[in-house]
Amino acid sequence: MGKDTKIVAVIDYGAGNIGSVVNALMNLGYRPTVTDSASVILNADAVFLPGVGAAADTMRSLSVTGIDECVRRLVELKKPLFAICVGLQVLLTATEEDGEHRCLGIIPGRVTKLPSGLKIPHMGWNQVKQACIHPIFTGIPDNTNFYFVHSYYARPMDRSVIAGTTEYGFEFCSMIINNNLFATQFHPEKSGEPGLRMYSNFLKYALL
Amino acid sequence: MLTKRIIPCLDVTGGRVVKGTSFTNLRDAGDPVEQAAFYYGEGADELVFLDIGATPEGRETLVHVVESVAKQVFVPLCVGGGLRTIDDMRRMLKAGADKVSINTAAVQNPGLLKAGAAIFGRQCMVLAVDARRSANDSTAAWEVCTHGGRKPTGIDVLEWIEEAVDLGAGEILLTSWDADGQRSGYDNDLNRAVSELVTVPVIASGGAGTPEHLYQALSLGKADAVLAASIFHYREYSIRQTKEYLAAKGIPVRLQ
């Protein structure tokens, strides 16, 4: 069925967690294509943008490889895209990590440091409060725990794109959905069965 | 609310999980890949693999163990033991580890923490510290030991940890040399001193004999996570049972 004929691409720009994302997709029975080729990415039926580490480095890698333009194009075309962790952060207008850096500007808003007085990075399992009803949450109860590891967080200007929030001394946006763009601050590929379920839901929705 | 993490530790040597007392007297405790899958199913929040043999052959074996585990276990994996260079770290991360822990190599070359953090990100860099209480009780200080706890260095634990966090350590795996393998509780003076000192998460390790010990490390010791080996390896307590106990005592844990 869909699993054999459709192309699931994982964007390879040197991010550290590509292997983990691929392992999760393989476990679900998909055979993802790991690629840095714009044409392969634009032809895929569903695309993953992994991310781990610093947003400025990630933006640099994305622009050096030309993948920044490719991701903007994917969003214009409303192709199903799932961005993870720093992959979410680079979708915004700018980040203040290591100085001021421009990001992709797909989701208006800024990425700022978690407030002091908290343990940083925010590392471990925390609950995601679902802010909308969407097939991506099928079989995933409200307030399910997902695995987080980050020191910065996204503040989208348009609150209607916030699909999930998490409490860490304050409430922050931990998930974004905008048309066919999905993004999580947490790592579904490291969040056990609920994380696998979220990828599976995304792919069922994307490859319909 | 962020939950406290319960982390089984798999001490590995020659491709097998082993368990000993104060870093010696090792007993066989199973196949690492099977153990990892078992703990994942039981609700472990993370897994730590420590190569206690720390030989080049052992490291080769561990790379394959990590590769197999990463294909079936979808929680964070931390690997340590004998990692000395950026290349050693890169191999483990490529094999599927999310974090690497370094101990002796960081003491010998603190620049390794900085270099690792710059390349892989702070969140990848776990500083493992083996802390031994000073013979002089009145000073209430701990000394850093290296080489699997065998070699006292004369370095003060708190000073070292502060420096290491400045350099790039994103998390502290804190093992009490005195309590390790004794099963009579963690060194919670040590855990609290370090947790209050740094803003990065602290994993308490060494001394777990009962779920109550884990509770004490998370409450009295203010640790963000607890690591335990033998209480889980010999199936005395399951991870689920331990988490239910902690939840009943008011500690936030992940139960799904």
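Guide: Gladly, and please keep in mind that this is a predicted model. Let us begin with the largest nonpolar core, which has 152 residues. Those with the most contacts inside this core are A:F48, B:F49, B:L127, B:I161 and B:I172.

Visitor: Which residues is B:I172 in contact with, leaving aside its neighbours within four places in sequence?

Guide: B:I172 is in contact with B:L127, B:I161, B:V165, B:V194, B:V198, B:V200, B:P201, B:V202 and B:I203. There is also a second, separate core of ten residues, and B:V48, B:A128, B:A225 and B:L227 are among its members.

Visitor: What makes B:E46 and B:K99 a salt bridge?

Guide: The cut-off is 4 Å between a side-chain nitrogen of Lys or Arg and a carboxyl oxygen of Asp or Glu. For B:E46 and B:K99 the N to O distance is 2.7 Å, so by that cut-off the pair is called a salt bridge. As background, side chains of opposite charge can pair when their charged atoms come close.

Visitor: Why can one say that this pair ties together parts that are apart in sequence?

Guide: Because B:E46 lies in the loop between α1 and β4 (47-51) of chain B, while B:K99 is in strand β6 (residues 99-102) of chain B, the two parts tied together are 53 residues apart in sequence. B:E46 and B:K99 also belong to a network of salt bridges that links them with B:R5 and B:E171.

Visitor: How do you know whether B:E46 and B:K99 are buried or exposed?

Guide: Buried means under 20% relative accessible area. B:E46 has 1% relative accessibility, so it counts as buried. B:K99 has a relative accessible area of 3%, so it is buried as well.

Visitor: What is the N to O distance between B:D88 and B:R59, and where do the two residues sit?

Guide: The closest N and O atoms of B:D88 and B:R59 are 3.6 Å apart, and the pair forms a salt bridge. B:D88 is in helix α3 (residues 86-95) of chain B and B:R59 in helix α2 (residues 56-72) of chain B, so this link joins distant parts of the chain, 29 residues apart. B:D88 has a relative accessible area of 14%, so it is buried. B:R59, at 14% relative accessibility, counts as buried too.

Visitor: How many salt bridges does the structure hold over all chains, and how many does the rule find across the interface of chain A and chain B?

Guide: Over all chains the structure holds 21 salt bridges, and the rule finds two across the interface of chain A and chain B. One salt bridge joins B:D98 and A:K190, with the closest N and O atoms 2.8 Å apart. Another joins the side chains of B:D224 and A:K119, at 3.2 Å from N to O. This pair crosses between chains, from B:D224 in the loop between α8 (211-219) and β12 (225-228) of chain B to A:K119 in the loop between β7 (107-113) and β8 of chain A. Both B:D224 and A:K119 are buried.

Visitor: What else describes the interface of chain A and chain B?

Guide: The rule finds 16 residue pairs in polar contact across it. On the side of chain A that touches chain B, β8(A) gives the most, with six residues. The residues of that side divide into eleven nonpolar, 13 polar and five charged. The area buried between the two chains is about 2,300 Å², and carbon and sulfur atoms give 52% of it. A:K119, A:M123 and A:W125 supply 32% of the area that chain A buries against chain B, more than any other three residues.

Visitor: Why is B:T146 called buried?

Guide: B:T146 has 3% relative accessibility, so it counts as buried. B:T146 is in strand β8 (residues 142-146) of chain B.

Visitor: What makes B:T146 and B:H147 a polar contact?

Guide: The limit is 3.5 Å between N or O atoms, and residues adjacent in sequence count only if both atoms are side-chain atoms. The contact between B:T146 and B:H147 is from side chain to side chain, at 2.9 Å, so it meets that limit. Not counting residues up to four places away in sequence, B:T146 touches B:T104, B:V107, B:K151 and B:T153.

Conventions. Residues are numbered from 1 along each chain as its sequence is written. Chains are lettered from A and ligands numbered from 1 in the order in which they are written. This is a predicted model: local features need pLDDT of at least 70, side-chain atom pairs count only at pLDDT 80 or more; totals for chains, interfaces and linings use all residues. Side-chain values use heavy atoms; hydrogens and water are left out. Helices (H or I, at least four residues) and strands (E, at least two) are DSSP runs, numbered from the N terminus. Buried means under 20% relative accessible area, exposed over 50%, partly exposed in between (1.4 Å probe, protein chains only). A polar contact is a pair of N or O atoms within 3.5 Å; within protein, one must be able to donate a hydrogen and the other to accept it, and residues adjacent in sequence count only if both atoms are side-chain atoms. Contact means heavy atoms within 4.5 Å. Buried area is the accessible area (1.4 Å probe) that two parts lose on being put together, summed over both. Ala, Val, Leu, Ile, Met, Phe, Trp, Tyr, Cys and Pro count as nonpolar, Asp, Glu, Lys and Arg as charged, and the others, Gly among them, as polar. A nonpolar core is a set of buried Ala, Val, Leu, Ile, Met, Phe, Trp, Tyr and Cys residues joined through side-chain atoms within 4.5 Å.
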